[in-house]
Every structure is written in C-alpha cells, then in structure tokens.
Amino acid sequence: MQAKFVHGKILHNTGRGIFYRMEVAIPDRIDFVPGQFAMVSGWPGNDPLLPRPLAIFRSGGVRGKGTVEFVYKVVGRGTALLSGLHAGDPLALTLPLGHGFEFPGEDRSWWLVGGGVGFSSVFPAAAALDGQRADFEIFLGARTRDQLPPGEWIPGGAVPGRVHLCTDDGTAGFFGTAAAALRDRIDRGKSSGLARVAILACGPREMLKAVAELALPLDIRVQVSLESHMACGFGVCWGCVTAVRDGEKSVYRRVCREGPVFDAKGVVW
Amino acid sequence: MSASGTFGYGLEFTPFYDISRLGAVIVKGLSLLPTPGNAPGRIVETPAGMLNAIGLQNIGVERFVHEVAPRLEDAGAVYVANIYGRTTEEYEAVARRLSEVPALAAIELNASCPNVKEGGISFGSTAGGLSGLTRRVRAATGKPLWVKLSPNVSDIGAIARAAEEAGADAVTLINTLVGMAVDPRTRRPMLSNVTGGLSGPAVKPVALRMVWEACKAVKIPVVGIGGIQSAGDALEFLLVGAAAVQVGTANFRNPNACVEIVDGIRDFFVREKISRLDDYRGKLLLP
Ligand SMILES: Cc1cc2nc3c(=O)[nH]c(=O)nc-3n(C[C@H](O)[C@H](O)[C@H](O)COP(=O)(O)OP(=O)(O)OC[C@H]3O[C@@H](n4cnc5c(N)ncnc54)[C@H](O)[C@@H]3O)c2cc1C
Ligand SMILES: Cc1cc2nc3c(=O)[nH]c(=O)nc-3n(C[C@H](O)[C@H](O)[C@H](O)COP(=O)(O)O)c2cc1C
Ligand code: FES
C-alpha cells in the first residue's frame, strides 16, 4: 500500500500505566504490514518541528472511513505533547511507511521478542500470526513489572506457555532480560530442533544485538526492527541511516525506507 | 520548487501528488563518484528548525544518468540537478556529464554545503573563489547555470554579484547556516560531524534579509530559500524580489507542502486580484 499524508481526528488517547493508547479516525481504511509505522504530528506551531515515528499498532474501518491505533511511551517533548491531546483534536499522519516484517511461507515456529515499548511493533505481528493460527511465542522484556504492557493487549496471550514475561528486577515473570529468557528457550529447543524457528524482534539496540548473537550462529533467521532519529520518515532526507553489510563493504541504508525491519544478518552493530 | 536534499530524486513524492505541478524539482546533490555520507547521527532537531550533517550521500552522477534520469522524464516534471565537487575539475566533470541529460532544465551549482570538508564552501565563501568556480563550470555546460550561495558570508550582495559576473544565469539562496548542538550530560556533540547545517522556520528571517540584499545586488533572477512553510512565507520572498522560491525542510513534516504552497500563492493572487507576478514581485513598500 502506498503512503499517504492524511489529516485525522483523535477518537481517544488514554494513559494506561506508562503507556498511552491512541486511536485516530482517518479518511480511509489503511492496510499495513506489521512493523510499518506512521509519522505523526499533532501539536500547533513549529516547535517541535518534526513529526515523530510511531509503529502502527492496529488499523480498522471500512472504505471511506478508517481508524488507526498507536501505543506510545512519553520520553520527551513530542510524545509529552501527544499525550496531552484529547478526543476531537486534529492529528497529521503520513502512513503506512517503511519495510515491515516478512513472513516467509514455510511452516514455522515464530518467536517474537519485544523490549520496552518495542512490543508496539511486535504485537501486530503476533496478531497476524494468531489470525493464521500459526505457532508463536512472545518474549516481553521490561525493567519492572509496571513497565510491562497490560495482559489483555497481548495477541493470543491466553494460550498457556505462549507468553514469557521478563523483568530486569524480577518483579514479574523471568528474572532477567528478554534476551536471557530467549537463551533459555533456545537451550530447551535444541533437543527438538530449531530449524523451523524464525525470530522477530523490536526493542533497544543492545537487546536486538544480543538476540542476533544468540540466534544467528544457530542458523535461526532473525528480523530486527531498528530505531533512528527521523526527519521525514519516507526516504528523502537521508538522516536516519544505519550501517549494514553489502558483501564485504558496509553501507548506509535508510531505517525509514529499507527498514525499519532488517535481516539481522546484515546489520553492523 | 523543491529544495535540493529535501526531495530525494522527486520520485519519492509521486505517491503524494503529481510532481509536474511544481515549477521544478531540484534533485539531491550529485557528485562525480558515489558518496557514502557521514556516520549517523546526522540530524538533530532544534527550536523551530533542524541541523543536518548528511554529508551529501548520493549515488554518483553515472548511476543518476542511467537509473534515475529516464524515470524522471516519465514523471513529467521539470528537473534541475544540484551538483557539487571536491575540486574544480570534479565540478566541471559532473556538469559536463549532466549536460547530456535532456530531462534536466538547468544545473544548480552547490558552492555552499557546510557538511563536507571540501564540499564547495571553500569556493563559496569568497567572491574570488566563487567567481573562479562559476566561470569554469559555465564553460563546461550549455545548460542554464544557477549558483546556490552560502549564507555563511559577511556580504551576500558581493558574492551574488561575483556569481552574476562569472556567468551564472540565476542565484539561489540560502543554503543552510552552520550550527551546532551538544548534549550537556554526555558532553558530546549531537552530530557525528560535530557541526551541521541549520534549516527550517528558524532561518527564515536571515534568509529573507539575504534574498532582499541579493535582489538589490544583481539583475539575474534570485531564487529564495529558507524556512518557507506556507504560501504566506513564500509571498514574503516574492515581495523582496525573489523570482521563485524553493521549499526544503517543510516537506518533512508535510509531504504535500510544496503543492499546498503553489495553490496558496495562486489563491492569494486571485483574492487580491493580482493578475501578473510582476505586479507583486519586488514591490516591497519601504518605510
Ligand atoms: C520506526 C519507529 C517506530 C517507533 N514506534 C514507536 C511506538 O510505537 N511507540 C513508542 O512509544 N515509540 C516508538 N518509537 C520511538 C519514538 O519515535 C520516540 O520515542 C519519539 O520520537 C521521541 O520523541 P520525543 O519528542 O518524545 O522525544 P525527544 O525529546 O525527541 O527525545 C527524548 C529522548 O529520547 C531519545 N530518542 C528520541 N527519539 C528516539 C529514537 N527514534 N530512537 C532512540 N532514541 C530516541 C532522545 O535521544 C532523547 O534522549 C518508534 C521509533 C521508530 C524509529
Ligand atoms: C537534509 C538536508 C539535505 C540537504 N542537502 C542539500 C544538497 O544536497 N544540496 C544543496 O544545495 N542543499 C542541500 N540542503 C539545503 C536545502 O536545499 C535548503 O537550502 C535549506 O535547507 C534551507 O531551506 P529550508 O529551510 O526550506 O529547508 C539540504 C538541506 C537539508 C535539510
Ligand atoms: S527519515 Fe528521512 S530518509 Fe529516513
């Protein structure tokens, strides 16, 4: 689906723990690939000037009427301004943008890893897999219990053994990072074979690097969704680049266009 | 027109609108060889503006000619190539090669990029340097030659005049202002290149003043750039004498910015019953 610039209207924008969930009415229904994002600006005036990238959490509606949903965490000025908006406020959006996760056809077990607010691009992937009744497990990492997403947001989360919660301080689930829980899972999986496992991950760069270093030597395919400061979000400013391998060389690729999802094999950490 | 470096090769905008509605699309700066650009962090937001140190990442003139130029012709817009080199010879070589591309209406010589060591600013910051470069590139191409000026100079009128005397068909200004941002906690610069180019609404008053001064200094057309976000901003540049305007950073927040500005200017002229651009352009009323 080609990107569009649209004016939307906020339907609701409500805080839930450290996260905000915002639904926006837009002129048309949009289809998106999990991992794709929108550039969002909703405040009057020129400061801050640039829109902010947010992963598309969900989309809905019928022709002539659409909705799109985001989950975000307040980290600075832009997201603080967003969190102060109310139902009825206007929002400008460019979407859907970027190259999302790929779901190769073969029968696979999917392991989805979300660190911090990174679950916002992993959950749409889980929702898609849940819809296909595919086999998947989710690893969610957070500093503490109250920084984990609410249970009812987790797609297909009711299936026993499917969701692995991990906290750095041990206040919920596994005591340690999502990458450490994944290491345990890989160890357990070694006996039954890992050949059909594929990993999708989004979160802090250190986490993605750890996941890649665990899984790539075992020939597990890993896709990572990277973050970068963006000005345009649709490939024209070249501000958002990250280094990736191209044969022997390392070259700069745009996170907003060739990414945000990259094959972890190519990423220069 | 779109400003170089903020519009890719133009094709990125075709999902948003018909780019043939613009006066011209100025493509991203081209160099003789492909250029990898600077390491990331390349952009930092500043109050009402941004700093960039992209380092002119581009595919090089050969790939442009073979892969991009044919597709530009299909899109039906008017194209201008923005070029830069590390040496006078490189500038000449790029200009010569692009002269053979029918899709290009003109060449805009970037003598003003602040983000690469030899990226033209050493030529563009003195009247003598700019004059020598312009003369050589002028001789290398039969296309109309625009010279894009740096604002990082003390007398913009003298620089604009140097370009005119050396054979430029138009001058465009301003390129970005050299700026810097640091993180007080990590004690590090926010850009890997340390300094970068400031653009966006924050630079508009400086750009407007410089365009006004350049318009008084030369007879060739002056193309105004810097912080234009709305038709109102563009009209200010026309009023001080600009023959046309380019829109850069505004494209990042609103991909439709250029075409909305085109429509806004037309609506203003209709509302004000102005039938010819020349009845408005340069008609600033001084105190
Ligand atoms: C493709 C993509 C999808 C994203 N999806 C989501 C999402 O669904 N939900 C969500 O909450 N966040 C998401 N983010 C991150 C979000 O864009 C940033 O948190 C936001 O831009 C911060 O803006 P701000 O004005 O609040 O912070 P600023 O005031 O700009 O910055 C505050 C602090 O955060 C850091 N920071 C800002 N932006 C980034 C970034 N992109 N990467 C790393 N550090 C950054 C700054 O360096 C600074 O330390 C996504 C980012 C990308 C690139
Ligand atoms: C990300 C970025 C890249 C740019 N690259 C170029 C370039 O390649 N060549 C050039 O002449 N100017 C370049 N510029 C300068 C712009 O064309 C323009 O002169 C400047 O940004 C001021 O206009 P604005 O405030 O409307 O953005 C670049 C600007 C930005 C923000
Ligand atoms: S954010 Fe502009 S190219 Fe990626």
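Visitor: Which residues does A:R108 touch, not counting those up to four places away in sequence?

Guide: Bear in mind that this is a predicted model, where local features need pLDDT of at least 70, side-chain atom pairs count only at pLDDT 80 or more, and totals for chains, interfaces and linings use all residues. Residues are numbered from 1 along each chain as its sequence is written, chains are lettered from A and ligands numbered from 1 in the order written, and side-chain values use heavy atoms, leaving out hydrogens and water. A contact here means heavy atoms within 4.5 Å. On that basis A:R108 touches A:D135, A:A195, A:R196, A:V197 and A:A198.

Visitor: Is A:R108 buried or exposed?

Guide: Buried means under 20% relative accessible area, exposed over 50%, and partly exposed in between, using a 1.4 Å probe and protein chains only. A:R108 comes in at 15%, so this residue is buried.

Visitor: Where in chain A does A:R108 lie?

Guide: Strands (E, at least two residues) are DSSP runs numbered from the N terminus. A:R108 lies between two of them, in the loop from β7 (90–97) to β8 (109–115).

Visitor: Over to chain B: what share of its 287 residues count as buried?

Guide: The under 20% cut-off applies again. With that, the buried share of chain B is 60%.

Visitor: What share of the chain B contacts with a separation of 6 or more comes from residues 24 or more positions apart?

Guide: Take the contacts in chain B with a separation of 6 or more. Residues 24 or more positions apart account for 70%.

Definitions and conventions: Helix = DSSP H or I, 4+ residues; strand = E, 2+ residues; numbered from the N terminus.
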